[in-house]
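Subject: Structure handover and notes

Dear colleague,

I am passing on the structure below, followed by some notes on what was found in it. Please read the notes alongside the model.

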Amino acid sequence: MDGKSGMKTYFGGIEAGGTKFVCAVGGGPDDIRAEERFPTTTPDETIGRAIAFFEAQAKQVELAAIGIASFGPVDPNPTSPTFGSITTTPKPGWANADLAGAIGRAFGVPIGFDTDVNGAALGEHRWGAAQGLDTFIYLTIGTGVGGGGMIGGKLMHGLVHPEMGHIRPPRGWDNGDFPGICPYHGDCLEGLCCGPALAARWGQPAETLPSDHPAWATQAEYLALALVNFICTLSPQRIILGGGVMGEQQLFPMIRQRVQALLNGYVQSPAIIDRIDEYIVPPGLGNQAGVLGAMALGMATV
Ligand code: ZN
C-alpha cells in the first residue's frame, strides 16, 4: 500500500510485555522491516524507547497505524476515559500507565490497543493457527498466564476482558502445599503455572527443569483442568497455547491426553475425540505471535 506521501505504508506493532517490549514495523509475517526488543523498565524509559524506534522508522516509511498488545490488566474500551491504559498491575510504576495515549500523541496515527493475548489471537486468526475459525482461544503461559481469543469472529471483550489466567484450578490431587505466587489470589492458574511459579515451587528456573521432571506432569494437569473448563464454557474450535513455558514441547501430548481423559467422552466432537493433535496446538506464528498480533491490532484500525 502506498501512502499520501508516495512512501510505502507500513504498520507498527508493540508487544508490551511485563519483562520485555518488542517493537516492529512491517506488513505481515514475511514483511518485517525492522524490529527491536528491550527490557521493560520504568514507563517513561520504556515508552520513550518505543517512541524513538518508531520515530526513526517514520523517517523512512509512512506508518498507517500502530497496534499495542499489552500486559495487563488493561482498559480496552475505546469509549472509556482511561482507554489504552494499564490498570491494576502489580508491576512497579506501571499501574495506570497511559500506554496508548503516549504513543498516539507522539505519532498522530490510529492506535489499536488490546491485551497481549487478544493481540496474539488476532495475529493467529489473520496469519497463523486460527485462520478460518471464528471461536477460539489463545492462552499464553510465560512470565504470567493469560487468555484471549474470539467468539463469533470478534475479539473477546465484555465488562473489561477475560482473565483466564486467574481461574482457580481444583487442588488436593497435587499433594503439595505450594501456596502459589499470584499476589492477588495465591494459587490461581497463573499463581501455579507461570514460569516464576515453577521456579518458586521446584527451586530452579523452569527452563532448567529436565523434560522428565515430575513438575511437567503437574503442570500439564493444571493446564488440562483449565482447558476443560474453557472448552465447557466457550466451546472453542481450537486452543492455541503459547508463551515461554510452552516451549517445553513435551507438555503438548501430556495436556492433550489429560484433556481427553478429563472430558471423558462428554463433548462429542471429532476435533477432541479423533483429532486432538490439531485441536490443542502451538502458535502458527511461533514466538513472533505477540508482535505480529500487535501489528494486526494496528491494521484493524484502518
Ligand atoms: Zn491470580
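Two strands are said to pair if DSSP finds at least two bridges between them. Strands (E, at least two residues) and helices (H or I, at least four residues) are DSSP runs, numbered from the N terminus. The model is a predicted one, in which local features need pLDDT of at least 70 and side-chain atom pairs count only at pLDDT 80 or more, while totals for chains, interfaces and linings use all residues. Residues are numbered from 1 along each chain as its sequence is written, and side-chain values use heavy atoms, with hydrogens and water left out.

An open sheet of 5 strands runs in the order β3-β2-β1-β4-β5, and its pairing is mixed. Its edge strands are β3 and β5 (111–115), each of which pairs on one side only. From one strand to the next the twist averages 15°, where axes are lines fitted to C-alpha atoms (for helices over the stretch in contact) and angles run from 0 to 180 degrees between N-to-C directions. Helix α1 packs on this sheet, touching β1, β2, β3 and β4 (62–70), and its direction makes about 155° with that of β3; touching here is contact, meaning heavy atoms within 4.5 Å. Helix α3 (residues 116–127) lies across β2, β4 and β5 and runs at about 110° to β5.

Within the sheet, strand β1 (residues 9–16) pairs with β2 in the antiparallel sense over 6 bridges, and the two form a hairpin with 3 residues between them. Gly13 has Ala24 as its bridge partner in β2, and Ala16 stands opposite Phe21 in β2. Strand β2 also pairs in the antiparallel sense with strand β3 (residues 31–39), over 8 bridges, in a hairpin with 2 residues between the strands; here Val22 has Arg37 as its bridge partner in β3. Because 7 of the 9 residues of β2 (residues 20–28) are buried, β2 is largely enclosed by the rest of the structure, where buried means under 20% relative accessible area, exposed over 50%, and partly exposed in between (1.4 Å probe, protein chains only).

Gln57 belongs to helix α1 (residues 43–58) and counts as buried because its relative accessible area is 9%. Leaving aside neighbours within four places in sequence, Gln57 is in contact with Val25, Arg33 and Ala34.

Strand β6 and its partners

Strand β6 (residues 136–141) is mostly covered, with 6 of its 6 residues buried. Phe136, Tyr138 and Thr140 point one way from β6, while Ile137, Leu139 and Ile141 point the other way. Strands β6 and β7 (residues 145–151) pair in the antiparallel sense over 6 bridges and form a hairpin with 3 residues between them, whereas β6 and strand β9 (residues 239–242) run parallel and are joined by 4 bridges. Thr140 takes part in both pairings, standing opposite Gly146 in β7 and opposite Gly242 in β9.

Cys188 counts as buried because its relative accessibility is 0%, whereas His185, at 30%, counts as partly exposed.

Best regards
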